[in-house]
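The sequence and structure come next, followed by the points grouped by topic.

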Amino acid sequence: MRIITIALQKGGTGKSTTAHALGQGLQNQGFKVLFVDLDPQGNLSSTMAAEAGESNAFDVLTKKTTAKEATQQTAQGSIIPSSPQLSGADLEITQTGKEYRLKEALRPIQNQYDFCIIDTPPALGTLTINALTAATEVIIPVQADTYSIQGITQLYSTIVAVKEYCNPDLKVQGILITRYNNRAILSRDLADIIDSTAKQLGTKLFKTTIREGIAVKEAQARREPLYRYAPNSNPAQDYQDFIVEYLQDKKGER
Ligand SMILES: Nc1ncnc2c1ncn2[C@@H]1O[C@H](COP(=O)(O)OP(=O)(O)O)[C@@H](O)[C@H]1O
Ligand SMILES: [Mg+2]
């Protein structure tokens with residue numbers, strides 16, 4: 001099972017949208033996908049119409065339940081849903097080995113899925129560290145703005161520490177520009193800066209960029225996969241292209 005963590009500690013950069021679109025696209029190609037929502041805001045759980053009140057990611061991290069028991073089957077696939085209790089994770093999960101909770105929980109089910117996609121909160125706390133420790137790879141979605149770029153460098157220091165202490169094999173698969181508006185020259189300049197930041201950090205900028213499109217918000221409001229709601233929209237086509245590009249990257253290449 002490839003475990004892909006989608007991370008950046010800034011809100012609104014397209015993490016949940018990318019987690020959903022990537023996972024749905026892989027499912028459409030016939031892969032078995034498990035979604036894990038570690039953001040207490042629960043946007044991914046909500047988009048996938050997961051039921052609240054069932055066992056969830058917080059129960060898994062606090063060892064109240066197993067990953068298998070916490071997995072819900074929705075019309076859009078399998079998900080370990082979020083819980084508002086996740087917002088207390090930094091205070092409640094403090095024991096030695098706390099970074100490994102998710103990794104350990106996923107181990108018994110690793111042969112049941114081809115991919116696990118983990119959505120993370122906009123913070124670099126216990127939840128994101130658990131996601132980076134469990135992951136085989138990480139994708140960093142950014143918006144072409146200066147705050148996102150500052151965020152990449154900070155996230156990278158965290159990734160370096162996670163690699164050193166918790167997960168030496170973690171690959172930074174790349175940076176993905178999302179919510180892109182190619183009419184704005186400002187965005188284009190920033191895309192160049194992101195490209196050079198990626199190179200400095202030893203990763204790459206994905207060739208595909210995800211354009212802005214109103215269909216993203218509309219599909220999320222209707223709790224429908226973007227590919228079904230608006231298959232011809234710019235963001236739906238871009239995410240399809242991204243998945244093709246992503247699958248061409250052999251794991252272990254960088
Ligand atoms: N390509 C896109 N086009 C238009 N709106 C988008 C696009 N990607 C994300 N959004 C919107 O931007 C907001 C933030 O995206 P989201 O994926 O929730 O970011 P994050 O999880 O990083 O906070 C959401 O309202 C989402 O609907
Ligand atoms: Mg989110």
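The model is predicted. As for its location, ligand 1 sits in the largest pocket.

**Elements and residues around the ligand**

- Two elements, helix H1 (15-28) and helix H10 (214-221), each give two or more residues to the shell around ligand 1.
- The shell around ligand 1 holds 15 residues, and the closest of them are Gly 12, Lys 15, Ser 16, Thr 17 and Gln 220.
- By residue class, the shell around ligand 1 consists of 8 polar, 5 charged and 2 nonpolar residues.

- In the side chain of Thr 17, an N or O atom is 2.6 Å from an oxygen atom of ligand 1.
- Gly 12 makes its contact through the backbone, where an N or O atom lies 2.7 Å from an oxygen atom of ligand 1.

**Positive phi at Lys 63**

- Lys 63 is a residue other than glycine with a positive phi, near 60 degrees.
- This residue, Lys 63, belongs to the loop between helix H3 (57-61) and helix H4 (67-70).
- Why does Lys 63 count as exposed? The relative accessible area of Lys 63 is 57%, and the class of exposed residues begins over 50%.

**Positive phi at Arg 179**

- Arg 179 likewise has a positive phi in a residue other than glycine, with a value near 50 degrees.
- The loop that contains Arg 179 runs between strand E7 (171-178) and helix H9 (185-200).
- Arg 179 is classed as partly exposed because its relative accessible area is 36%, a value in between the limits of 20% for buried and 50% for exposed.

**A distance across the model**

Methods:
Residues numbered from 1 in each chain as written. Chains lettered and ligands numbered in written order. Predicted model: local features only at pLDDT ≥ 70, side-chain atom pairs only at ≥ 80, totals over all residues. Heavy atoms only, no water. Near = heavy atom within 4 Å. Polar contact = N/O pair within 3.5 Å; in protein donor to acceptor, adjacent residues only side chain to side chain. 1 Å grid on protein atoms, 1.4 Å probe; cavity = no way out; pocket = protein on both sides within 12 Å on 5 of 7 lines; lining within 4 Å. Sits in = over half its atoms within 2 Å of the grid points. Helix = DSSP H or I, 4+ residues; strand = E, 2+ residues; numbered from the N terminus. Nonpolar A, V, L, I, M, F, W, Y, C, P; charged D, E, K, R; others polar. Buried < 20%, exposed > 50% of the residue type's maximum accessible area, 1.4 Å probe, protein only.
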